[in-house]
Amino acid sequence: MPDSPQGEVMEIISYVARRLATIIPTLLGASMVIFVLTMLIPGDPALMRLGNFATAEQLQSLHEEMGLTKPLYERYMLYLGGLLRGDMGRSWRTGNLVLDDLRARLPMSIELGVCSMLLAIAIGIPVGVWSAASKDSVIDYSGKAYGILGVAMPLFWGGLVLVYVFYFKLGIAPAPTGRIDMLVSPPTHITGSYLLDGLLTGDLEVVMSSAAHLVLPVITLAFVTGASIARMTYTSMRKVLASQFILVSHAYGVSPRAIVYKFALKNALMPVVTLIGLQVGFLIGGVVLVEVVFSLPGIGRYAVESLLVNDFAPVQGFVLLVLVVYLLVNLLVDLLYGVLNPQVHNG
Amino acid sequence: MPQEVTRRRFMFQTLGVLGGATVSGNLLPLLAEAAKRKQVLRVAIERDFETLRPELSAGDTANLLRRLIYTTPILWGTQQRPDGSLIYDMDRIEMGLATAYKVSEDRQLIEFTLDSNAKFANGDPINAQALKESYAWFLNAKGSGQLRVNGLPSADRIEVVDEVTVRLRLDRPVAWGLIGNALLSSSSIVHAQEIMKHATADDPYGTKWLETKTIESGPFVIETWQKGAMMSLVPNPHAFQPAKLERIILQIIPDASTRRIVLERGDIDFAVQIATKDIPDLRKASGVKVLSYPSARGWWLGMTWNKAPFNNIHFRRAMAWAMPYETLMQVVTHGLAERSRSCVPNNVSGYVGDLWPYETNLEKAREELAQAQVPEGFTVTIPVYAGDLFDEEATVLIKESLAKLGITLTLQKMPIGQKRTLLTKKQVDMAVYDWRPWVPDAGYFIYWNWLPDSFTNYWNYLNPEAQVLGNEAITMAIGSPERQAKLRRFQEIVNGDIGLVPLFTQFDNLVMREHVQGYVYYPDAIPVLAKLSIG
């Protein structure tokens, strides 16, 4: 155990450095697995480019142009060499470098993921806490019902229902045609998040339009993610509320409110934080269906659309990016453990 | 001094932002409505454009864009249907970049006179030399199988006569020589000089540059392109044919149901790839116009000729008797199709529909199957393009029908890329698939599908007599009685062999708001948006 605050900081820095160092071999190993797996997928990208009206000569020429005639190991070495230079290859579907495509789409995914996660936390934790603190009451049953409904509801269906009711029937939501209204010019690119860029450039029209376009997808995602958080919070809270120190607190006459919010909640949060960490990766990279329903150009849709037409470089880039996000979020979660419970020692 | 953030204030501020967003949700459609009255066309497309390279047939959306940004010497002529809607006319040609053309009697010399005012978007002239360079670029970059097919194998067959006159000398007469060399994608005019400025040792024809940048020759130029989201186009300032539209916004809406509802709400004017199952309801929707056209997009059941029992004529006849033709028409296409009765699709010149005797008859199918001596419990794995409703539903119905004969189909769902690869490598025993010829001519279809080296002869069909007839039909003049007789004999042979089992030929259904005017249906079904206007 460090005996001074300075020593504690040094220990955390050393821990973070060691964890970051393990990311590099993980990524190298992952790059090989991803490359081989995508190469095993049957499908000729050149055929997709050419369509039906092609000739054998044309196909051969395009194979050469796309580097498909080289042996697999040579292609992997070229890919790895590119990765080390920060080049994830080129998407034949968009004609761009994969890194540029991901850079263009990532801000939208982060914007959607972060907003959804904030709303999910704002819904999930209170519902879980209230439900656990009011055992066998209407609140408890309602919380449990939400937990089951939210987890069981398919994202695609949820999104379509919201679109149908709030856009099509009631006309109070904007058309699900992307990040911003068709007739509004996108803001000057600063961060890539329309909401932030609109605020930074003082463009109220962009802020209003992009906020309006985020409402339904964020609700769709937050409803589902919030349900998982609520279930985890409920389970964890019930366990803590039944523990000895809570019973002692009751005996000492501590108010029920203070017991729930000051003592129990903090101790119940660790598994919830773990779950939130896992969900962040999902919300940033795995919400393809919501991106499809609301026509949002995120990285998930980019990867799936690429996969469907045998454009493998974007798929490889996407998987590596999501892996990095997961590794970093995991690291952050581990650090948060130490904040939530000083007895946890990062070492 | 900053205000203290209280829970109440935070709640009110959050509600304020959400309320504002909701109000803007109400206001924006009104603004959109106002914009609609201007000549702004908002189009919902399924996916982003893969490339600006016109020589790659990369999909319907890329082709739609190609018609906007690249011109061709000529276009199909137009005729009016009894209901007032417009459709192509095989017998007439509309002038585009060319103001006149001549075809020699032996059909091996095609001469174009170009519009002397024609210019690229950067102001450079599209003269005879530019046209020659454009064709040469296609040929040298090995970008076009089409030009070679159409009798133009090399650039030395293109002759600049004067500033506005170009001659193409074909190496043989080709039935669709004029259309193939002056109207299809391979005749898209590119600014070859500009492209070649970006050529490198690794990329000798500047194709990388052309993936995302171009100098337009067509009626519209790209104003903005937000990858994965939208593209906006405005009229080409140097266009030789002025457009009525002031702007075209191509909005990517990947989900078909979302495209449908935004069209119904009036937030877009024109939508592509609307699911056929939605068409009957959309016909009743207020403010929406649905135009249905019999197309040449045929759907088939293909079977390999490489192995038993698929190459056994009795097995093939059994399949032809076992197909649930009417059910397919009603369930899969909701009645929006025609029954196909030949090895070439309906609605192409030379199609003969009285040479296919097969109807659904399971008794006859059983008799043929007994003669084929197919082992009991015979199982076939059949690839299905996941997400294509026609493919999925048709295969399921065929599976049900064949189950009654004791044949088990195992459906293997896969992305289109995988299925197409398996088909092209001729690794599929049996599959449902579709094919649309861009030239509505039986000979053109035969060229691509029925000859031994045809690129999409997925099933290795070979019949020497049919091969001779097919090759002859390719070079003869469309519509000549002699050619018609050869095409009829060809279909008699191939239908007799059950080369394929023709299932149906689907309609193309175009959905737009009522105020959209000027839509013309072309054989490739690619909308020429530049012809549209807001009425």
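**Close-up views of a predicted two-chain model**

Chain B contains 17 helices and 20 strands (DSSP runs numbered from the N terminus, helices being H or I of at least four residues and strands E of at least two). The model is predicted: local features need pLDDT of at least 70 and side-chain atom pairs count only at pLDDT 80 or more, whereas totals for chains, interfaces and linings use all residues. Residues are numbered from 1 along each chain as its sequence is written, and chains are lettered from A and ligands numbered from 1 in the order in which they are written.

**View 1. Chain B as a whole.** With a radius of gyration of 26 Å, close to the 24 Å that the globule rule gives for 535 residues, chain B is as compact as a globular protein of that length (the radius is taken over C-alpha atoms, and the rule is 2.2 Å times the number of residues to the power 0.38). Its C-alpha atoms fill a box of roughly 95 × 70 × 55 Å along the principal axes. Of the 535 residues in chain B, 49% are buried (20 or more other C-beta atoms within 10 Å of the residue's own; exposed means 12 or fewer, and partly exposed lies in between; C-beta atoms are placed from the backbone).

**View 2. The contact between chains A and B.** Chain B gives 55 residues to the contact and chain A gives 54 (two residues are in contact if their C-beta atoms, placed from the backbone, lie within 7 Å). On the side of chain B that touches chain A, the largest share, 12 residues, comes from H1(B). By class, this side of chain B has 23 nonpolar, 20 polar and 12 charged residues (Ala, Val, Leu, Ile, Met, Phe, Trp, Tyr, Cys and Pro count as nonpolar, Asp, Glu, Lys and Arg as charged, and the others, Gly among them, as polar).

**View 3. An open sheet in chain B.** Four strands of chain B form an open antiparallel sheet in the order E4-E5-E7-E6 (strands pair if DSSP finds at least two bridges between them). Strand E4 (98–103) and strand E6 (158–162) of chain B are the edges, each pairing on one side only. Neighbouring strands of this sheet are turned by 20° against each other on average, direction ignored (axes are lines fitted to C-alpha atoms, for helices over the stretch in contact, and angles run from 0 to 180 degrees between N-to-C directions). E6(B) and strand E7 (residues 165–169) of chain B run antiparallel and are joined by 4 bridges; B:Ile158 stands opposite B:Leu168 in E7(B). Helix H3 (residues 128–140) of chain B lies across strand E5 (109–114), E6 and E7 of chain B, at about 175° to E6(B).

**View 4. The largest nonpolar core.** Of its 235 residues, B:Val43, B:Ile248 and B:Leu301 touch the most other members (a nonpolar core is a set of buried Ala, Val, Leu, Ile, Met, Phe, Trp, Tyr and Cys residues joined through C-beta atoms within 7 Å). The largest share of this core, 22 residues, comes from helix H9 (residues 204–241) of chain A. Not counting residues up to four places away in sequence, B:Ile248 touches residues including B:Leu41, B:Val43 and B:Phe220.

View 5. In helix H8 (residues 194–201) of chain A, the residues A:Tyr194, A:Leu195, A:Asp197 and A:Gly198 are buried. Their cover includes helix H5 (98–133) and H9 of chain A. A:Gly202, with a positive phi near 70°, follows H8(A). A:Val324 belongs to helix H14 (residues 312–340) of chain A and is partly exposed, with 15 other C-beta atoms within 10 Å. A:Val324 and A:Leu27 are 297 residues apart in sequence, yet 7.9 Å apart in space, C-alpha to C-alpha.
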